[in-house]
Every structure is written in structure tokens, then in C-alpha cells.
Amino acid sequence: MSGIITDIKTNITDEDAYAEKLYEDLIASCSQHVKKKDLKLVRKAFDLAKESHKGVKRKSGEPYIVHPVEVAKIVTSEIGLGAVSIACALLHDVVEDTEYTLEDIEHFFGEKIASIIDGLTKISGVFDKRSSLQAENFRKMLLTLSDDVRVILIKLADRLHNMRTLESMPTNKQLKIAGETIYLYAPLAHRLGLYSIKTELEDLSLKYRHPNVFDEIALKIKDNEKKRQQEINRFSLPIIEKLGRNNIKFDINGRPKSIFSIWNKMQTKNIPFEEVYDLMAIRIVFKPLNPEIEKAQCWQIYSLITDIYTPKPDRIRDWISSPKANGYEALHTTVMGPNGKWVEVQIRSQRMDEIAERGFAAHWKYKGEGSGESELDKWIKKIRIMLENPNSDALEFLDEFKMNLFAAEIMVFTPKGDLKTLPKYSTALDFAYDIHSEIGNKAIGAKVNHKLVPLNYVLRSGDQVEIITSNKQKIQKEWLEHVKTAKAKSSITDAIKAETKDRIQKGKTILETKLRELKVQPSGRVLKKVLPEFEVVTKDELYSKIGSGIIKLDNLRKILKKNTKNKIIRYWGLQIAKSTTSNKTKKENIAPKRKQKFSYKDPLIIKDSSEKEQVNIEFAKCCNPIPGDEVIGYKNPDIDDVLIHKAKCPNAIELMSKEGNYIVRVKWTSQKYLSSLAKLSLSGIDRIGIAADITAIISTELSVNIRKIFIETHDGIFEGEIELYVHNVTDLNNLIMNISKIKGVDSVKRKEEISK
Ligand code: MN
């Protein structure tokens, strides 16, 4: 064999010395799984990797060789694979990133290793390079590539190391990588029984996708640790004593819950941290007297524990008689703890524990020397059977993946296989708007997994969605009830608005023409008479209904002659209160004074509806009041409108001091269905992804819809403006607080521009 060592120039540099240290580390960590005679292979692979990546640095600034060595370490010490896999891990980026070809690899290392490297190069093409990924393609890819499941295992190790070093990546890449990790890699690790890798991937992904959530839960865990340990000790002591007396060698500890799993439970069960965290789980890992009786010993331990604590009926999970599909073996039970709380107890032998943490790869450690990788081959076969199972079509296969998804998000595919992330319970219509607002506006139906469904069909992770459009489609108001995303909601609102604007203009023209025919000058007073007759509350509503033909003006003449009967005033939940002291008679109502005077100082209460004035409510542009704000009304003496200002608005203060007679006290009523427009201005230090972070926060606030967002950057500083619809001040303040927590955001303020 032509040793590559001789082909490589061996000038010793700092990098070489550094690499040599890495190599020693690697050898130390793989001694358990690699026989002496195989070390030569590891050395050879290491040398080629070192040579081919020479001079190249990772994003973190370290020499590139650190990465393949770390991946190799994971492969051996965390997954338990042997020399061939270690060599492949060392070489995994060589063909993709360097001058060396697959033929070179085959020439130096033979067919087996070359085929694994080939698989790794291809798999990274599928996972990383293309954004598109389709359920069926994904399964096919796994099928072809899992000819040797080591490909997938090494890929998982590769991803784990990339996630551990994700810090040095730019933010937008971080989010993409973290997203793929939770969607594909963590479930894959779960499927393969690699529990600890799965958990680490989930936690790391959460850390980058929702850093605040991650930090918050991490902190809470820390704060509660001591108390929890005390509870565990209290529960464990009698068990320790009893098992000890029965000569059982074991470890007992509280099963640590991962940050992700806590968060996931909080989301899916909709319960607070404390409730998730309170559920205690204890794990007992024992050393069997001899391997033959380990199952019997599980039951012995079960029996000893249930002598102390009462078991919950029907809560035995026997995965020792029939292990889970991913190889998991254990006996679970739930018992009543000393403080009246249920405690889950997991009983495993050391072998079972290792399988639970490290997957099937742990099996062959127990089958003695010599069997080596042939035991692994059996495992590979098992995985292949699982993947090839005709009963599990591609989507069902992905079902298993879905279990581990964010509770709050679903991932769906376009017909071309592009992956889209939407909030949970998003509908086909949300999907349409996510692609483009025009697609949404023209949508008439959808095909989900090739089946026709209505637009309000609730999507599930893994669905492939095709939107059917028609140019004849008209936006409907009910659509607002069929969508979940802020994007869809604001697009629909905008489209409806644009449409109404046309109709209002049309209606206004019709009314004015008609009035002119009747020789009546259009005025606020005329409108005031007309509005209640047609049972509408605003001018625009009237115009719009005229414009669309709902209101006919045939009896307009009659109406104008008739006297107005007043109705309850409810404009967007706002009620106008009138002075009790100005106890008007019916007569006065019949002939209303044009310049009715209100006093700000008078105690005002909400009066009986029959005495309400018909007025139009307008919101002052200068201060944009929203429900919950302290407000005052200014009754313009010339027109019938009441203009609502914030009480602290400088314009309002001026009005109060100069025209106090026209100030009316107003009070917000129901705020439930109201959305009001609010403006925020924000600024901070620009970084990639900041806009995405901001919109993500806004769109996760359920009660907020974005109307307009505008962000401008110059010299590394960004300034932006957001217009959004909120229900009340509390929602708005929450939002402001959350946005201000985003990294880079310097200030967020509600915009209360003063313009005359
Ligand atoms: Mn890599």
C-alpha cells in the first residue's frame, strides 16, 4: 500500500504541533473501541485530513482539523463506533472541501471507507445545500444512504459538533442550522435511540431559536435545584436502604429533565414551569448479579420499591419484555411519594442504561470482543427494515419526527419541496399568504398531500401543500377567522380595506347625487339623521353599504323629513357620557341645539340610551389613543364629531384650557373585539436578522397584528417604525417590553408625535 505519509511534505509547524496534540486526545478517547492494530488506520486518516485541510480556519478561528477530530471523538466516545467510523469521521469533509477526490480516498483507504465518505458528501448536499426537502425525497435519501447507517451516525456527530460551536456563526445561519437540527437531526437521533445526543441537539437548538426562553428555564432550574434534590433524597433514602439490604448494587438519581423537554411540556400541556418541574422522576441503574438474571432483577427491584411506595395502577411500562422500536429497554412505574405526589421510577440495568443513552451501538459492547462491527451490521439491517417498511409511507415516517417538533410550530412543504415554518394551527390559507399576499387573495382551495381541502384546513407538520387560485376570487371578511398568522391577517385586512375604499367612494358619490336631486346640501346634520334610519353607525359604513347596493336610497326624502330617534352609541367599544346635570327633555332632543355645551368639570355618567347624542367618533392623529389610554373627547362646535385625544396629549391640554366647554368625558367600554392602530418607533444597533427577530416577537404576540413595518439602517444603526393593531395598552406594553429584550434593540417607544 502506498502510504500517504511519504507523499506528504512533513515540515513541522505550530499547526502540526497543535494537530499532534489533537491526535493524542483522540487516541485517548477511542482506546476503548479501537484495537491496537486498527490504530494505523486512524493515524492514516488523521494525516490525510490534517494535510488536506491545512491552513484552513473555521469560523471560530481555530484550524479546520479541530472539527473532524471533534467529530471523530463524538463518533467513538459518544456513539461508541470503531476504527472505520473514526477514520470516516476524520475524512468526512475532505472530498467536499478539498482537492482530494473520492478516487483518492478509495485509493488510500479502500472501497468501504470510500463508499461511506461518498454517502457523507451526498447527504450533506441534501441536508445543507438545498433549502428544499420533501418528505418522500427525504425518506428515499435516507434509504439509499443508509446502505451504511454509519453515514447517518457520522452526519449526526458532525451536526452535534456544529451545534456545539454554533456561537461563531452569523445569526441568520444560526437560526437556519438550529431549525434543521430540531426538525431533522434530533428526531433522527431519537429514532436511532441516541438519547443523549437527541437531548443535546434539542437543547442547543432551543438555545439559538429562543434564547430568552432557554435562559429563563435554565435559571429556574438552577433556582429550584436545591429543593428538588432534597425531595429526591427524601424519596430515595428508604429505597437505598432496602435495596442495599438485598445486596443490589445500584445508582439512584433524579432523572434530569432537559430544558427543551420542560419547555415542550409547558407548551403542549399549557402548564407553568413549576408544574412540569414538580413531576419527579427517579432512575435506578443497577449492576446485575449476572447478565442472565437482569430481567428478573428488574422485577425484584420493582417489588422492593412497591413494598415502600404504593404503585399507581395501570402505570407499569414494561419495555424489558418487548423493547421499543429504537431499542429502549427499561421498566417504568409510577408510585405515590412521601409528600403525596406521584413519582415516576425507571428501573434499568447498566446495559439497558447504556443502550438508552447511546442507542444500538451500545449493544455490541456487551456481545464480547471479536463480534465487533458485525453486531453493528445487524443493527444497520434493523434500521433498514424500519426504513423500508411498506406500512410506513413517507409521511408516517415523518410522524415520528413530528413528535419532537416545537409545540408552537409546524413545518410544511411547498409542491417543490421547500420547507416553510408556520405557527401551529395554521391553515392552508395562512400558507397561501405566507407564499405571497396575491396567492392568498386569489386562493380558492388547496391540495394537502394531493387531496383537495378547504382553505380553513388546519395543516400538520410534514404536510405538502399546493394552493389553488382563481382570478375571480374575492376576499371575504370571514377569512380573518380562518387564519392564524399575523401576515395573513394583515394582508386580508389590507385587501378588504382597499376594496372598501372603492366602495365607500362609490357610495358617497351616489348619496351626494341623490341629495342634490332632493336639493339638500350634504352635511353632518343630514348624515346624523340618515345613519340611524339605515341602522349604521358611521359615515363610511353608510357609504359602503350604499356603494355595494345593500342600502337603497328610495325613501331618502321621507327619512329627511322624519325626526331622528337616537340609538345607543357604541363606536368600537367607546361610550360617550353626558352630563347628568344637563338633564335634557324630549323636546330639546327633538330640536337639538347645534352648539350643545358640555362641561368637563361636571360629573358625568353613562346615561340611558334614549338620551344619547348621535355623534361620530374620530381619533386624534396627533396622539393615536387606544383603549385603555386615559382619554378625553372634544366636541367640535362646528361639526358633530367628537375627537378623542389622550388626556396627556399637549393638544388636548391646550383644548382643555381654551375650550373647556366643549370637552366631554369619555370612557372605554368593552375592549374585547377592538383593535386600534398604534405606532412604535425603535432604534438600535444593526445586525443580520434583527428584523426577523422583531417580526417574530410581534407575530408571536397573539393579540397584535402588524400593519406596516419599516426598518432603515445606516452606519450600523437601524431605525424603524412599526404600525400595528393592538387590543389595549397592556398588550402594547407587553410587546414593547418583549421587543426591547431583543439583542441589539436600544429603544422602543410608542410614537406620540405631536403634529397639528
Ligand atoms: Mn463537517
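User: What percentage of the 756 residues in the protein chain is buried?

Analyst: The model is a predicted one. Buried residues account for 49% of the 756 residues in its protein chain. The chain holds 30 helices and 21 strands. Of the contacts with a separation of 6 or more, 69% join residues 24 or more positions apart.

User: Why is Leu-156 called buried?

Analyst: The term requires a relative accessible area under 20%. Leu-156 has 0% relative accessibility, and therefore counts as buried. Leu-156 belongs to helix α10 (residues 150–164). The C-alpha atom of Leu-156 is 9.4 Å from that of Lys-198, which is 42 residues away along the chain.

User: Which residues touch the most other members of the largest nonpolar core?

Analyst: They are Leu-90, Leu-91, Ile-105 and Leu-201, in a core of 77 residues. Helix α11 (residues 171–191) is the largest contributor, with nine residues. Both domain 1 (3–209) and domain 2 (218–366) supply at least three residues to this core. Another core, of 24 residues, lies apart from it and includes Phe-235, Ile-239, Phe-250 and Met-352. As a general matter, nonpolar side chains tend to be buried together in soluble globular proteins.

User: What is Leu-201 in contact with, leaving aside neighbours within four places in sequence?

Analyst: Leu-201 contacts Leu-156, Arg-159, Leu-160, Met-163, Thr-181, Tyr-185, Ala-186 and Ala-189.

User: Why are α2 and α4 described as roughly parallel to each other?

Analyst: The description applies to angles under 35 degrees. The axes of α2 (residues 14–30) and α4 (residues 66–78) cross at roughly 5 degrees and come within 9 Å. The two helices are therefore roughly parallel. On the α2 side, the contact is made by Tyr-18, Leu-22, Asp-25, Leu-26, Ser-29 and Cys-30. On the α4 side, it is made by Val-66, Val-69, Ala-72, Lys-73, Thr-76 and Ser-77.

User: What makes α4 largely enclosed by the rest of the structure?

Analyst: Of the 13 residues of α4, 10 are buried, so the helix is largely enclosed. The buried residues are Val-66, His-67, Pro-68, Val-69, Val-71, Ala-72, Lys-73, Ile-74, Val-75 and Thr-76. They pack against α2, α3 (39–52), α5 (83–91), α10 and α12 (195–209). From first to last C-alpha, α4 reaches 17 Å, close to the 18 Å expected at 1.5 Å a residue. Gly-80, which follows α4, has a positive phi near 90 degrees.

User: Is Asn-247 buried or exposed, and why?

Analyst: Exposed residues have a relative accessible area over 50%. Asn-247 has 60%, and so is exposed. Asn-247 is located in the loop between α13 and β1 (249–254). Although not a glycine, Asn-247 has a positive phi of about 55 degrees. In general, most residues other than glycine have a negative phi.

User: How do you know whether Ala-647 is buried or exposed?

Analyst: The limit for a buried residue is under 20%. Ala-647 has a relative accessible area of 18%, so it is buried. Ala-647 sits in the loop between β16 (641–646) and α28 (650–658). Not counting residues up to four places away in sequence, Ala-647 touches Glu-630, Val-631, Ile-632, Ala-652, Ile-653 and Met-656. Ala-647 and Gly-633 are 14 residues apart in sequence, with their C-alpha atoms 8.8 Å apart.

User: What do the buried residues of α24 pack against?

Analyst: They pack against α23 (486–517), α25 (539–547) and α26 (556–561). The buried residues of α24 (residues 524–533) are Val-526, Leu-527, Lys-528, Val-530, Leu-531 and Pro-532. Glu-535 follows α24 and has a positive phi, near 55 degrees.

Methods. Residues are numbered from 1 along each chain as its sequence is written. This is a predicted model: local features need pLDDT of at least 70, side-chain atom pairs count only at pLDDT 80 or more; totals for chains, interfaces and linings use all residues. Side-chain values use heavy atoms; hydrogens and water are left out. A nonpolar core is a set of buried Ala, Val, Leu, Ile, Met, Phe, Trp, Tyr and Cys residues joined through side-chain atoms within 4.5 Å. Buried means under 20% relative accessible area, exposed over 50%, partly exposed in between (1.4 Å probe, protein chains only). Helices (H or I, at least four residues) and strands (E, at least two) are DSSP runs, numbered from the N terminus. Domain bounds come from an automatic or database domain assignment. Contact means heavy atoms within 4.5 Å. Axes are lines fitted to C-alpha atoms, for helices over the stretch in contact, and angles run from 0 to 180 degrees between N-to-C directions. Angles under 35 degrees count as roughly parallel, over 145 as roughly antiparallel, 65 to 115 as roughly perpendicular and the rest as oblique. The expected span of a helix is 1.5 Å times one less than its number of residues.
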